[in-house]
Amino acid sequence: MSEEQAEQLMQQMQMLETYFSDLSQRESTFLNILREAVAAIESIQSLGKNPESDTLIPIGMGTYIPTKVSSSSKIVLNIGAGVAVEKDFPSTINYLEARIKEIEIALQDTAAKKQDAAARLEQGKAQINQLMQSMQQSKSG
């Protein structure tokens, strides 16, 4: 392997490491969104079980407004691009469950890409180790 090929291999390894890091960050973001969606569904289900519930609404900086929520209340749901719609509890849960399925698919795709990148990184490290050994042998020989 020439010095130029070795340099190319090192550049590829750096790019792969960056890609792997990006995938890990994306995976973490998806997991956070997933947790948030599951928590929202649990909260809606809990509110729906009581005809009227006392709750606190966060308004920022650790301050809350006490309020009552009725199970017949509507939920305002941000559906993206700055658009929010009003839905009842079951419709909101259905919407969130559909988003969860999409996130799970994206998570699976990201995990597969991450696994592929890890395998390619291992392969590259093995090539670098072989290169280092052959360079040491040629120096000592």
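Reader: Which residues does Lys-113 touch, not counting residues up to four places away in sequence?

Author: First, the ground rules: this is a predicted model, where local features need pLDDT of at least 70, side-chain atom pairs count only at pLDDT 80 or more, and totals for chains, interfaces and linings use all residues. Residues are numbered from 1 along each chain as its sequence is written, and side-chain values use heavy atoms, with hydrogens and water left out. Contact, then, means heavy atoms within 4.5 Å. With residues up to four places away in sequence set aside, Lys-113 touches Tyr-19 and Leu-23.

Reader: Which residues of α1 are buried, and what covers them?

Author: Here's the general idea: an α-helix has 3.6 residues a turn, so residues three or four places apart point the same way. In α1, the buried residues include Ala-6, Leu-9, Met-13, Leu-16, Leu-23 and Glu-27. Further along α1, Phe-30, Leu-34, Ala-37, Ile-41 and Ile-44 are buried too. Their cover includes β3 (75-80) and α2.

Reader: How many residues are in the largest nonpolar core?

Author: A nonpolar core is a set of buried Ala, Val, Leu, Ile, Met, Phe, Trp, Tyr and Cys residues joined through side-chain atoms within 4.5 Å. The largest one here has 15 residues, and those with the most contacts inside it are Leu-34, Ile-41, Ile-44, Phe-89, Leu-96 and Ile-100. Two or more residues come from each of α1, β3 and α2. The most come from α2, which gives seven residues. There is also a second, separate core of seven residues, including Met-13, Leu-16, Ala-117 and Leu-121.

Reader: And what does Leu-34 touch?

Author: Not counting residues up to four places away in sequence, Leu-34 touches Ile-100, Ile-103, Glu-104 and Leu-107.

Reader: Now the strands: in which sense do β1 and β2 pair?

Author: Two strands pair if DSSP finds at least two bridges between them. Strand β1 (residues 52-60) and strand β2 (residues 63-70) are antiparallel, over eight bridges. Leu-56 lies in β1, and Leu-56 counts as exposed because its relative accessible area is 53%. Leaving aside neighbours within four places in sequence, Leu-56 is in contact with Tyr-64, Ile-65 and Pro-66.

Reader: What is the phi of Met-61 near?

Author: The background is that most residues other than glycine have a negative phi. Met-61, not a glycine, has a positive phi near 55 degrees. Met-61 is in the turn of the hairpin that β1 and β2 form, with two residues between them. Met-61 is exposed, with a relative accessible area of 84%.

Reader: Which residue has a positive phi in the turn of the hairpin of β3 and β4?

Author: Ala-81, at about 55 degrees, in a hairpin with two residues between the strands. Ala-81 counts as exposed because its relative accessibility is 84%. β3 and β4 are antiparallel over five bridges, and Gly-80 stands opposite Val-83 in β4. Lys-87 lies in strand β4 (residues 83-87) and is partly exposed at 25% relative accessibility.

Reader: Last one: where does Arg-99 lie?

Author: A charge sits over a ring if NZ of Lys or CZ of Arg is within 6 Å of the ring centre and within 35 degrees of the ring normal. Arg-99 lies over the face of Tyr-95, 4.4 Å from the ring centre.

Methods: Buried < 20%, exposed > 50% of the residue type's maximum accessible area, 1.4 Å probe, protein only. Helix = DSSP H or I, 4+ residues; strand = E, 2+ residues; numbered from the N terminus.
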